[in-house]
Amino acid sequence: MDIREIIQKGGPAMWPLLVLSILALGTILERMWFWASILWKERQIVERVLDAAESNWQVAREMALEGRRQPIGRYLYAPLRLSNPDPEVFRLALEASADDELALMRRGDKLLEAVITISPLLGLLGTVLGLIRSLRSISFSDLGTASVAGVPIGIGEALICTATGMIIAIVSLAFYRLFQALWHNQVRIFRKAGSELELLYRQDWSQGEISDTFNSAKLNPAEVPEVSEK
């Protein structure tokens, strides 16, 4: 039994289920590529920026600028691009950047939530329509006769729609939970990296060691961080 036969036997509700499965598959593949690219480089970016911040804030800013294609790089670069900010402004810049970057990381979640919710309902609807189609031609006088022999086959074919909807929902839910776990891990990483960077800055600020390097380096157009998820 190929896909065309399954769709034909499952009834008209199989077509919206097919559309939902394509949308879910595309979202899952895109999110997997996105998370793989993040996890591959972010630890290196954080270590380079924090190590540089211990000795030279200008170098730390350059390290963050080099990693601006990654969310963690744009996050750490947000306060470093300011001109000699006080610690409170430094913290606010970190928080604002974290909100933006973490929100972008959840792209595709609403689509997966919709697929998880709608797919089983469509499957159930398709099964109900299939049962109606199989049973509407049967009268009480036909019970126990050969005329109802094909009814179990029709019911079995109607259940294909329910099984399809449940499979789509289960697979989508599994990847949705995976992406949620990765997102929560990013929240922890952002908080830890931001807290360490802010602590280093506050220490240098209290000791009067924050130099004018924030003011001396003029930003050029190449230093404007990108905000797209590439």
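Which residues do ring pairs link into a cluster? They are Trp-57, Phe-90, Tyr-201 and Trp-205. The model is predicted, so to speak of local features a pLDDT of at least 70 is needed, side-chain atom pairs count only at pLDDT 80 or more, and totals for chains, interfaces and linings use all residues. Residues are numbered from 1 along each chain as its sequence is written, and side-chain values use heavy atoms, with hydrogens and water left out.

A search of the whole structure finds 7 aromatic pairs, where rings of Phe, Tyr and Trp (its six-membered ring) pair if their centres lie within 6.5 Å, and planes under 30 degrees apart count as stacked, over 60 as edge-to-face and the rest as tilted. The pair of Trp-57 and Phe-90 is edge-to-face because the ring centres are 6.3 Å apart and the planes stand at 80 degrees. This pair links distant parts of the chain, with Trp-57 in helix H3 (residues 57–66) and Phe-90, 33 residues apart from it, in helix H5 (residues 87–104); helices are DSSP runs of H or I with at least four residues, numbered from the N terminus. Both Trp-57 and Phe-90 are buried, a term for under 20% relative accessible area, with exposed meaning over 50% and partly exposed in between (1.4 Å probe, protein chains only).

The rings of Phe-175 and Phe-179 have centres 6.2 Å apart and planes at 40 degrees, and the pair is therefore tilted. Both residues lie in helix H7 (residues 151–206), 4 residues apart, which is about one turn of the helix. Phe-175 is partly exposed at 26% relative accessible area, whereas Phe-179 is buried at 3%.

Phe-179 also belongs to the lining of the largest cavity, together with Arg-31, Trp-35, Met-105, Arg-106, Asp-109, Gln-180 and Trp-183. On a 1 Å grid over the protein atoms alone, a cavity is a set of points where a 1.4 Å probe fits but cannot get out, and lining residues have an atom within 4 Å of a point. The largest share of this lining, 3 residues, comes from H7, and helix H2 (14–53) and H7 each supply at least two residues.

Notes
On a 1 Å grid over the protein atoms alone, a cavity is a set of points where a 1.4 Å probe fits but cannot get out, and a pocket is an open set with protein on both sides within 12 Å along at least five of seven lines; lining residues have an atom within 4 Å of a point.
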